[in-house]
Amino acid sequence: MMGRIKGLLRIGTAQAIALALAVVLFVIAGVLVFQERSLRDDPALTNRAQLDETAQAGVVTVVTRGLTQVLSYDYTQPEATRAFADESLSGQAREQYDTLFASLAERAPGQQLTLSVVVQATGVRELTPDKATLLVFLDQTSSRAEDEEKSVSAAQLNVTAEREGRSWVITGLKPL
């Protein structure tokens, strides 16, 4: 009889240990699921600016080329700049371009104005698969037929680019 009681106690103890182990594993699984969701939503982990050098280089190249072409202007070839804008700009950036260059197109022929832009430095602040925010430092040189000298001015822009299809398009320009 005593042996039977000890056997039942062993079975009961084994079941209690198995149940306790199952509860502990269930709690650990719940904690891991919660942490995974928290990490997935963490902006520091979704920002690929410092993690993906290839994606970073790609957006920098497109934005640098786009700004250089769109912000440069030759009064004898205004349609070239407009064609670059059609290719490189969208949304708010395109609206700003249209406003700025409508005024420029009126004045530039009489002044024989040319503008050229050189991007000096670009830093990617945020980068996701579909959107990028960049800080861009550029120099713009202007010359008029009446001036003997060229005028150089520096600018800093906060640039937003968004993926349209397989390429990046500049959608926001904010002078700093």
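L176 is found in the segment after β5 (167-175). This residue belongs to a predicted model of a protein chain whose secondary structure comes to five helices and five strands.

- Neighbours within four places in sequence aside, L176 is in contact with L135, Q156, L157 and N158.
- Along the sequence, L176 and L135 are 41 residues apart, while their C-alpha atoms are 9.3 Å apart in space.

**The chain as a whole**

- The protein chain has 176 residues, and buried residues make up 24% of them.
- Consider the contacts between residues at least 6 apart in sequence: 54% of these join residues at least 24 apart.
- The accessible surface of the chain comes to about 11,700 Å², and carbon and sulfur atoms account for 58% of that surface.

**Packing of α3 and α4**

- Two packed helices are described by the angle between their axes and by the distance between those axes.
- Helix α3 (residues 53-70) packs with helix α4 (residues 78-88) at an angle of about 150°, and their axes are 8 Å apart.
- That angle makes α3 roughly antiparallel to α4, because angles over 145 degrees are placed in that class.
- The crossing of α3 and α4 is left-handed.
- On the α3 side, the contact is made by R65, G66, Q69 and V70; on the α4 side, by T81, F84, A85, E87 and S88.
- By class, the residues of this contact divide into three nonpolar, four polar and two charged.

**Packing of α4 and α5**

- The axes of α4 and helix α5 (residues 91-111) cross at roughly 170° and come within 10 Å.
- The two helices α4 and α5 are therefore roughly antiparallel to each other.
- The crossing of α4 and α5 is left-handed.
- From α4, the residues T81, R82, A85 and D86 take part in the contact, and from α5, the residues R94, Y97, D98 and F101.
- Sorted by class, the contact of α4 with α5 has three nonpolar, one polar and four charged residues.

**The residue G66**

- G66 is found in helix α3, and it is one of the residues through which α3 makes contact with α4.
- With a relative accessible area of 1%, G66 is buried, because burial requires a value under 20%.
- The C-alpha atoms of G66 and A85 are separated by 7.8 Å, although the two residues are 19 residues apart along the chain.
- Apart from neighbours within four places in sequence, G66 is in contact with S88 and I170.

**The residue S142**

- S142 lies in strand β3 (residues 131-143).
- The relative accessible area of S142 is 13%, so this residue is buried, since the cut-off for that class is under 20%.
- Leaving out neighbours within four places in sequence, S142 is in contact with L113, T114, L115, K150 and S151.

Terms used. Residues are numbered from 1 along each chain as its sequence is written. This is a predicted model: local features need pLDDT of at least 70, side-chain atom pairs count only at pLDDT 80 or more; totals for chains, interfaces and linings use all residues. Side-chain values use heavy atoms; hydrogens and water are left out. Axes are lines fitted to C-alpha atoms, for helices over the stretch in contact, and angles run from 0 to 180 degrees between N-to-C directions. Helices (H or I, at least four residues) and strands (E, at least two) are DSSP runs, numbered from the N terminus. Angles under 35 degrees count as roughly parallel, over 145 as roughly antiparallel, 65 to 115 as roughly perpendicular and the rest as oblique. A crossing is left-handed if the near helix is turned anticlockwise from the far one by less than a right angle, and right-handed if clockwise. Contact means heavy atoms within 4.5 Å. Ala, Val, Leu, Ile, Met, Phe, Trp, Tyr, Cys and Pro count as nonpolar, Asp, Glu, Lys and Arg as charged, and the others, Gly among them, as polar. Buried means under 20% relative accessible area, exposed over 50%, partly exposed in between (1.4 Å probe, protein chains only). Accessible areas come from the Shrake-Rupley method with a 1.4 Å probe; for residues, only the protein chains shown count as cover.
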